[in-house]
Amino acid sequence: MPDNEKKENPQKNQIRLQVYLAHCGVASRRAAEKIIADGRVTVNGTVETEMGTKVSADDEICVDGKKVSLEEKKRYVLLNKPTGYVCSLADEKDRPIAASLLKEKYSERLYNVGRLDMFSAGLIIFTNDGNFAAKLSHPSAEIEKEYVVETSVPLPRTLAEEFEKGLRVEGVFYKCKSAVELNARKIKIVLVEGKNREIRNVFASKEIGIKKLVRVRIGNIEINGLKPGEFRELSEKEVSGLLKLCHTNK
């Protein structure tokens with residue numbers, strides 16, 4: 001059997017535990033590593049915290065006491081997240097979870113690729129494909145994410161230019177790919193790195209209140225009339241298009 005076939009067929013071969021969990025739709029490989037390190041995973045009844053542990057479909061693997069198994073059907077779901085929902089598989093404050101909007105239709109364990117904060121809305125992708133999630137989430141992927149921001153006060157005339165050139169806020173350097181004013185209180189911003197709360201931190205540093213922040217595009221995927229709370233599956237062409245845009249593949 002060729003080496004590449006061995007890597008792609010976890011049902012017949014031993015693979016690293018975090019990769020196995022990603023294939024099961026538990027989380028991305030990076031997130032699965034933390035789940036393992038936290039002692040939440042057992043292999044054949046024994047708690048396993050070593051990342052290099054090799055497992056196969058013949059082993060009994062549990063997360064938080066619940067058995068997990070390989071999912072044959074890979075899902076790629078685009079959600080227009082409404083405001084008020086958090087991007088997490090669980091929330092200690094019992095706030096509404098974005099993934100719950102998908103549960104009635106999908107039995108697979110889907111997790112979000114990247115995040116939008118609770119007060120932001122717009123596009124976010126859910127999947128059970130760990131390899132896909134890892135490629136899109138990798139810092140070097142540089143997938144464009146486009147946002148439309150509405151403000152409570154008029155925008156400073158220099159904001160777009162400053163953001164494009166880059167500015168430092170409390171020791172963190174922020175730089176967008178492009179910023180275009182749509183009117184006195186609305187601006188379109190494209191990010192490729194997407195640091196935590198980047199737009200909100202930049203606007204707060206300028207004392208600009210945000211009324212609405214919506215992600216309207218991820219790479220080659222646009223919102224195209226998808227209403228808040230609505231979702232759809234990505235086509236094979238859209239999935240392959242996203243992967244081709246990843247700089248990690250070039």
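Buried means under 20% relative accessible area, exposed over 50%, and partly exposed in between, with a 1.4 Å probe and protein chains only. Helices (H or I, at least four residues) and strands (E, at least two) are DSSP runs numbered from the N terminus. The model is predicted: local features need pLDDT of at least 70 and side-chain atom pairs count only at pLDDT 80 or more, while totals for chains, interfaces and linings use all residues. Residues are numbered from 1 along each chain as its sequence is written, and side-chain values use heavy atoms, with hydrogens and water left out.

**Helix H7**

- In helix H7 (residues 236–245), the buried residues are Glu 238, Val 239, Gly 241 and Leu 242.
- These buried residues line one face of H7, because they fall within an arc of 160 degrees seen down its axis; the arc is that of the directions from the helix axis to the C-beta atoms.
- An α-helix has 3.6 residues a turn, so residues three or four places apart point the same way.
- Glu 236, Lys 237 and Lys 244 are exposed on the other side of H7.
- The cover over the buried residues of H7 includes strand E9 (121–127), helix H4 (130–137) and strand E15 (210–218).

**Nonpolar core**

- A nonpolar core is a set of buried Ala, Val, Leu, Ile, Met, Phe, Trp, Tyr and Cys residues joined through side-chain atoms within 4.5 Å.
- The largest such core has 32 residues, and Phe 126, Phe 163, Ile 187, Ile 189, Ile 199 and Phe 203 have the most contacts inside it.
- Among the elements that each supply at least two residues of this core are helix H5 (159–165), strand E14 (186–191) and helix H6 (198–205).
- Beyond its neighbours within four places in sequence, Phe 163 is in contact (heavy atoms within 4.5 Å) with residues including Tyr 174, Ile 189 and Ile 199.

**Cysteines**

- The whole structure holds zero disulfides, a disulfide being a pair of cysteine sulfur atoms within 2.5 Å.
- Cys 62 lies in strand E5 (residues 61–63) and is buried, with a relative accessible area of 11%.
- The closest cysteine sulfur to that of Cys 62 belongs to Cys 24, at 11 Å, too far for a bond.
- Cys 87 is also in no disulfide, as the nearest cysteine sulfur, that of Cys 246, is 19 Å away.
- Cys 87 counts as buried, at 4% relative accessibility.

**Thr 53**

- Thr 53 is in the loop between strand E3 (46–47) and strand E4 (54–55), and is buried at 17% relative accessible area.
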